[in-house]
Amino acid sequence: MTLYTNLADLLGDRIEQGLYRPGDRLPSVRALSQEHGVSLSTVQQAYRHLEDRGLALPKPKSGYFVPQGRNKPALPKVSRAPQRPVEVSQWDQVLEQIAPLPRPDFVQLGRGRPDIDSPTLKPLLRSLSRLSRKQDLQTLTYGSIYGDQRLREQVARLTLDSGCQLSYEDIVITTGCHEALSAAIRAICVPGDIVAVDSPSFHGVMQALKGFGMKALELPTDPLTGISIEALELALEQWPIKAIQLTPNCNNPLGYIMPEANKRALLALAQRHDVAIIEDDVYGELAFNYPRPRTIKSYDDDGRVLLCSSFSKTLAPGFRVGWIAPGRYLNQVLHMKYMGTGATAQLPQLALAEYIEGGHYEPHLRRMRGQYARNLEQMTDWVSRYFPPSVRVSRPQGSFMLWVEMPEGFDSQRLNRELAAHKIQIAPGSIFSAAGKYRNCLRMNYASRPSPTIEAAVRKVGETVAAMLDASPPPRD
């Protein structure tokens with residue numbers, strides 16, 4: 001992390017927190033240079049970085065100011081999930097979302113896909129091509145059920161940034177993070193068991209619980225800090241919860257990062273009640289600020305945290321390479337993996353190991369974190385401009401997902417059907433809940449670089465939302 005990006009992040013945080021209001025003059029270049037002991041050119045670079053993010057506006061001979069358009073929509077409300085386990089529904093809606101192949105003439109605002117057009121992915125594609133041309137028999141074998149050792153060593157090294165101290169022997173390569181999560185759930189739970197989850201939550205986990213015959217207990221979740229520790233404590237005292245599953249870093253779909261104190265408190269609760277934690281960190285490396293946030297696993301001293309991740313969100317989903325550090329549940333996870341897919345495909349593992357060893361992965365992450373941070377500012381601006389003023393919008397601290405909440409009674413499933421005629425797709429909020437809550441919400445992807453086509457699609461979504469709200473009767477008091 002360079003001096004100018006550190007300074008830009010500090011100023012950006014102060015602007016986001018409201019310490020500098022729209023129209024306020026920001027500290028002068030000379031004042032910041034003296035305050036932080038850095039050169040004038042470092043401060044100027046920091047301000048240019050803030051300009052790129054839409055957080056600072058230069059005025060000739062006057063300095064830098066917070067743009068007037070910095071007023072942001074209100075945050076989504078804290079979820080009030082029912083404090084009882086429920087059976088998972090919504091499979092038909094999820095299938096409708098994922099079954100069709102992406103069409104080139106559709107603007108896919110609903111998919112959880114990163115930008116795969118970056119030039120920093122070219123070395124990875126070259127590795128794939130070269131390995132294929134070699135016709136090495138190693139690429140045609142089953143490989144180890146644990147996964148390729150070179151890749152596991154690289155994954156262990158990467159987890160140092162999240163505070164973990166893992167060796168390659170602690171890690172199992174999986175077919176995407178989805179298999180890692182599924183194997184973790186089945187390693188711990190049996191049909192009829194209860195799993196506590198954040199709410200809204202990743203629909204893939206919801207559907208895994210449904211398929212395994214388990215119940216979900218949705219916990220109240222704050223859009224900035226994550227699940228309520230107090231609600232979790234009450235739930236653990238009331239219900240025989242077998243596992244806690246959550247995405248504490250750059251959460252999908254809300255984008256929050258759980259404070260470190262909350263992570264420690266959650267782990268202490270799990271230890272007191274002897275409950276496993278299934279931690280999904282698939283977006284953690286895409287946190288906008290560096291160093292990246294720590295994982296709950298990094299505090300784990302008795303092996304109860306199963307840390308799951310993949311390269312699907314940081315690189316490209318088509319490789320289908322994920323991993324799990326299952327702690328004390330290693331043997332059970334290996335059994336579940338063997339029952340599911342067996343060994344993961346060799347070729348993409350070898351290419352990924354070569355890509356990371358060659359020093360290409362971390363520059364790619366830096367590029368994407370900057371791009372996604374800038375894209376978030378643009379997408380939030382478009383939503384503020386084109387959606388009705390009554391909507392509430394998340395403030396992601398990483399990744400590339402935006403959560404938008406409309407007034408109660410709105411139907412985002414109907415919205416998706418209306419948008420299909422305009423070749424646009426969003427993700428309806430109800431698929432992120434076990435019980436089909438959040439029908440008045442939607443998720444949009446801002447990974448791709450802004451374009452007139454994407455702006456026109458967001459405008460159409462906002463106009464359709466406004467038309468549907470105008471046509472619906474006002475809510476009863």
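Trainee: Buried means under 20% relative accessible area. With that settled, which residues point one way from β12, and which the other way?

Mentor: Please keep in mind that this is a predicted model. Val305, Leu307 and Ser309 point one way from β12, while Leu306, Cys308 and Ser310 point the other way. All of these residues are buried.

Trainee: Which strand pairs with β12 in the parallel sense, and which in the antiparallel sense?

Mentor: The parallel partner is β11, residues 276-280, joined to β12 over 4 bridges. Within that pairing, Ile277 has Val305 as its bridge partner in β12. The antiparallel partner is β13, residues 322-325, again over 4 bridges. There, Ser310 has Gly322 as its bridge partner.

Trainee: What is the strand order of the open sheet of 8 strands?

Mentor: The order is β3-β7-β6-β10-β11-β12-β13-β5, and the pairing is mixed. The edges are held by β3 (86-87) and β5; each has a single partner strand, so one side of each is left without a neighbour in the sheet.

Trainee: Which residue of β11 is the bridge partner of Ile244?

Mentor: The partner is Ile277, the residue that also bridges to Val305 of β12. The strand pair in question is β10, residues 241-246, and β11; they run parallel and are joined by 4 bridges.

Trainee: Moving along the sheet to β6: how many of its residues are buried?

Mentor: In β6, 5 of the 5 residues are buried, so the strand is largely enclosed by the rest of the structure. Ile194, Ala196 and Asp198 point one way, whereas Val195 and Val197 point the other way.

Trainee: Let us take Val195. Why does it count as buried?

Mentor: Its relative accessibility is 1%, and the cut-off for buried is under 20%. Val195 therefore counts as buried.

Trainee: What does Val195 touch, leaving aside residues up to four places away in sequence?

Mentor: Val195 touches Cys189, Leu209, Lys215, Ala216, Leu217, Ala243 and Gln245. Ala216 is also the bridge partner of Val195 in β7; β6 and β7 (residues 215-219) run parallel and are joined by 5 bridges. As for Gln245, it is 50 residues from Val195 along the chain, and their C-alpha atoms are separated by 6.9 Å.

Trainee: And Ser167, where is it found?

Mentor: Ser167 is in the loop between α6 (149-158) and β5 (172-174). At 31% relative accessibility, it counts as partly exposed. The C-alpha atoms of Ser167 and Val321 are separated by 18 Å, and the two residues are 154 apart along the chain.

Trainee: A change of topic: helices. At what angle do the axes of α13 and α15 cross?

Mentor: In general, two packed helices are described by the angle between their axes and the distance between the axes. The axes of α13 (residues 361-386) and α15 (residues 452-471) cross at roughly 40° and come within 9 Å. The two helices are therefore oblique to each other, and the crossing is right-handed.

Trainee: Which residues of α13 and α15 meet?

Mentor: From α13 there are Met379, Trp382, Val383, Arg385 and Tyr386; they meet Ile454, Glu455, Val458, Arg459, Gly462 and Glu463 in α15. Sorted by class, this contact has 6 nonpolar, 1 polar and 4 charged residues.

Trainee: What about α9 and α10: within what distance do their axes come?

Mentor: The axes of α9 (residues 229-238) and α10 (residues 260-273) come within 10 Å and cross at roughly 5°. These helices are therefore roughly parallel to each other. On the α9 side the contact is made by Ile229, Leu232, Glu233, Leu236 and Glu237, and on the α10 side by Asn262, Ala265, Leu266, Leu269, Arg272 and His273. The residues of this contact divide into 6 nonpolar, 2 polar and 3 charged.

Trainee: Back to α13, then. Which strands does it lie across?

Mentor: Helix α13 lies across β14, β15 (401-405) and β18, and runs at about 20° to β15. Those strands belong to an open sheet of 4 strands with antiparallel pairing, in the order β14-β15-β18-β17. Its edge strands are β14 (392-393) and β17 (427-428), each pairing on one side only.

Trainee: How many bridges are there between β17 and β18?

Mentor: They pair in the antiparallel sense over 2 bridges, and Ala427 has Arg443 of β18 as its bridge partner.

Technical notes
Residues are numbered from 1 along each chain as its sequence is written. This is a predicted model: local features need pLDDT of at least 70, side-chain atom pairs count only at pLDDT 80 or more; totals for chains, interfaces and linings use all residues. Side-chain values use heavy atoms; hydrogens and water are left out. Axes are lines fitted to C-alpha atoms, for helices over the stretch in contact, and angles run from 0 to 180 degrees between N-to-C directions. Angles under 35 degrees count as roughly parallel, over 145 as roughly antiparallel, 65 to 115 as roughly perpendicular and the rest as oblique. A crossing is left-handed if the near helix is turned anticlockwise from the far one by less than a right angle, and right-handed if clockwise. Contact means heavy atoms within 4.5 Å. Ala, Val, Leu, Ile, Met, Phe, Trp, Tyr, Cys and Pro count as nonpolar, Asp, Glu, Lys and Arg as charged, and the others, Gly among them, as polar. Buried means under 20% relative accessible area, exposed over 50%, partly exposed in between (1.4 Å probe, protein chains only). Two strands pair if DSSP finds at least two bridges between them.
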